[in-house]
Amino acid sequence: MKRRRRALLGGSFDPVHCGHLLVAERLRALEDLDEILFVPARQSPHKQRAAVPARHRLAMLQLALRGNPAFRTSDIELRRRGPSYTIDTVRAFAARWGGRPTLLLGADALLDLHAWREAAALLREARVVVYARPGSEAAARRARDLHVTYHRDLLSPVASRDVRRLARAGESLRYLVPEPVRRYIEAHGLYGWRPRSRS
């Protein structure tokens with residue numbers, strides 16, 4: 001029986017947006033993946049605390065991925081105490097799946113990889129696939145040095161910080177996030193969202 005080709009895609013997903021989904025779908029096709037598991041971090045060791053609680057970020061992810069059988073979520077990092085370390089997640093799924101998991105990383109994460117816990121072990125224990133982010137030429141060189149797969153054509157025009165900024169300003173989030181996620185943000189008033197006064 002053919003082993004399923006699966007990959008891990010971690011991040012804060014604060015909030016998940018259409019760029020995340022577009023990149024993941026392209027990587028699924030390019031890497032011939034059967035499944036991508038989105039893994040929201042409880043607390044990234046390299047970022048400020050998430051803007052909204054984990055339960056909201058997970059709920060928005062589940063809404064965004066509904067209808068795509070190749071996309072699933074895992075709350076493995078949300079159930080752990082303290083910061084979320086990727087090496088722990090990779091090892092957990094290596095034991096669960098058998099073999100070496102594929103780990104999908106943005107180019108910005110690759111440039112910071114030297115500061116990650118057990119970075120050398122991570123490169124040994126996972127097959128790392130990197131996707132381009134704006135201004136990521138240095139990452140392309142780093143990927144060559146580390147002998148990891150690098151996809152240049154996957155730039156996303158959307159960033160979570162832009163979604164948060166627009167929400168705070170009461171601007172439309174339509175087409176930046178999936179429609180169920182937009183409705184969820186507005187219904188819960190996340191990221192300081194309030195409808196702009198049109199008067």
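1. Helices and strands are here DSSP runs, numbered from the N terminus, and the model to which they are applied is a predicted one. In this scheme E77 lies in the loop that runs between β3 (71-73) and α3 (86-97).

2. E77 is a buried residue without a salt bridge, and the nearest side chain of opposite charge, that of R80, is 4.3 Å away. Since a salt bridge calls for a side-chain nitrogen of Lys or Arg within 4 Å of a carboxyl oxygen of Asp or Glu, the 4.3 Å to R80 should be read with that cut-off in mind.

3. With neighbours within four places in sequence left aside, the residues in contact with E77 are V39, P40, A41 and R42, together with S84, Y85, T86 and T89.

4. D14 sits in the loop between β1 (6-11) and α1 (18-30), and it counts as buried because its relative accessibility is 5%, where buried means under 20%.

5. The side chain of D14 is joined to that of Y191 by a polar contact of 2.8 Å.

6. Strand β5 (residues 127-131) is mostly covered, with 4 of its 5 residues buried. This strand pairs in the parallel sense with β4 (residues 102-106) over 5 bridges, and V128 is the bridge partner of L103. β5 also pairs in the parallel sense with β6 (residues 149-151), over 3 bridges, where the partner of Y131 is H151.

Technical notes:
Residues are numbered from 1 along each chain as its sequence is written. This is a predicted model: local features need pLDDT of at least 70, side-chain atom pairs count only at pLDDT 80 or more; totals for chains, interfaces and linings use all residues. Side-chain values use heavy atoms; hydrogens and water are left out. Helices (H or I, at least four residues) and strands (E, at least two) are DSSP runs, numbered from the N terminus. Buried means under 20% relative accessible area, exposed over 50%, partly exposed in between (1.4 Å probe, protein chains only). Lys and Arg count as positive and Asp and Glu as negative; His and the chain ends are not counted. Contact means heavy atoms within 4.5 Å. Two strands pair if DSSP finds at least two bridges between them. A polar contact is a pair of N or O atoms within 3.5 Å; within protein, one must be able to donate a hydrogen and the other to accept it, and residues adjacent in sequence count only if both atoms are side-chain atoms.
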